[in-house]
Amino acid sequence: MIALEAGDWRATVAPELGGSVLSLDWQGQPVFRSTPDGATDILETACFPLVPYANRIADGRFVFEGRSVQLPVLDRFAPHAIHGDGWLLPWMVENQTARRVEMILDWLGGQDGWPWPWRARQIVELTDQGLTITLSFTNTGDAVMPAGLGLHPYFHRHADSRLMLSAEGVWITDAREIPERLAPVQEISDWSDGLALAGAPFVDHAYAGWMGEARVDGGGRRVTLGAEAPARWTQIYAPVDGDFFCVEPVTHRPDAHNAPDGEDSGLVRLEPGEVLSLTLKIGARSL
C-alpha cells in the first residue's frame, strides 16, 4: 500500500490489487468509500481502472473486423465479460513520490483472453486542489484493436447526498443487463437539477451525452467530479439504501463491441502505437 498526501487530501493506493485506490479523504472525512482492512476483493476498494474496455460485453463475445473473439467470463458476472483485465492484475510501480504514483501494466495478448497486446499506464496524484487520475493505454501490437477506458470510483454517501449531472439520454437494459434502447433520462432518473440519492430508485445504467461534470452535495460539503473527453458516457450505480454510489466516467457505452454498424457507441479503433487516455479530477469544498 502506498500513502499519498497533499494539503487537506489523503489517499492510499494498492498497485498489487488491480492498481486500485483504497481510500480518498478530504479534511479527515471520506470522499471515496474506504476499503475494509485486509480486503483482497477489488470490488471492495474505492476506485479501480477499466482497461481495455468498460462494463459488460454480452456473453463475452464479439466480432471485430472479421475476427471472432470469445473472452473468459467471471462466475460472479456470468454470462458476460466485464471491465477488461486491468482490474484483475497487479500493476508495477514505475515512479513514486509523496504526492504521486505512476503504475504500468503490460498485457501480451493471447488465445485465452484479450487477443491484442497493450501497455496501460495509470497516474494517481494529489495536489492541494484534489485528486487526479490519468489512465491510458497503448496498442503495442501490429494490428488495429477495439479500445475503451473507464474508472470505477465508489463515492461515500451521506444521508443527505444529492447528485447533479447532465446527460442527453440513458440506456435502458434488458433482463440480461445489456443495453437495448436509448431513452430520455426521465425513464430512469433525471439528475440535471440535483436528485437526493435517498429518494432515487435503484440505478445501474449508462448515461449518454454526458457533459463530463458532476457534483455531490451532502455532509456539509460539495464534491466535484470532472472527466475530460472522450468520456461522453457515465455509468451510474446507486443501490437503494447503500452507503456508496458510483459515477463512472467511461469512453463508450456497455456492450459497445456489439453495437449496430453506424452507432456512435464510443468504441475506438486503436491503430498500432496509438494511445487512448482518460483523466478524472476530484475536488471538494465546504458548503
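Buried residues have under 20% relative accessible area, exposed ones over 50%, and partly exposed ones fall in between (1.4 Å probe, protein chains only). The views show a predicted model, in which local features need pLDDT of at least 70, side-chain atom pairs count only at pLDDT 80 or more, and totals for chains, interfaces and linings use all residues. Residues are numbered from 1 along each chain as its sequence is written, and side-chain values use heavy atoms, with hydrogens and water left out.

View A. Glu177, which is not a glycine, has a phi of about 70 degrees and lies in the loop between strand 17 (169-173) and strand 18 (179-183); strands are DSSP runs of E of at least two residues, numbered from the N terminus. With a relative accessibility of 40%, Glu177 counts as partly exposed. Gln27, also a residue other than glycine, has a positive phi near 50 degrees and belongs to the loop between strand 3 (20-26) and strand 4 (29-30), where its relative accessible area of 46% makes it partly exposed.

View B. The bond from Val51 to Pro52 is cis, with omega near 5 degrees, and Pro52 is placed in the loop between strand 5 (47-50) and strand 6 (56-57). Ala78 and Pro79 are likewise joined by a cis peptide bond, with omega about 10 degrees, and Pro79 sits in the loop between strand 8 (67-70) and strand 9 (81-82).

**View C. The surroundings of Asn139.** Asn139 is part of strand 13 (residues 130-139) and is buried, at 1% relative accessibility. Its side chain reaches the backbone oxygen of Ala143 at 2.9 Å, while the backbone oxygen of Leu270 lies 2.8 Å from a polar atom of that side chain. Beyond its neighbours within four places in sequence, the residues in contact with Asn139 (heavy atoms within 4.5 Å) include Pro117, Val144, Met145 and Glu271.

**View D. The ring pair of Phe155 and Phe245.** Aromatic rings of Phe, Tyr and Trp (its six-membered ring) pair if their centres lie within 6.5 Å, and planes under 30 degrees apart count as stacked, over 60 as edge-to-face and the rest as tilted. By this rule there are 16 aromatic pairs. The rings of Phe155 and Phe245 are stacked, because their centres are 5.5 Å apart and their planes are at 20 degrees. Phe155 lies in strand 15 (residues 150-156) and Phe245 in strand 24 (residues 244-250), so the pair ties together parts that are 90 residues apart in sequence.

Technical notes:
Helices (H or I, at least four residues) and strands (E, at least two) are DSSP runs, numbered from the N terminus. A polar contact is a pair of N or O atoms within 3.5 Å; within protein, one must be able to donate a hydrogen and the other to accept it, and residues adjacent in sequence count only if both atoms are side-chain atoms.
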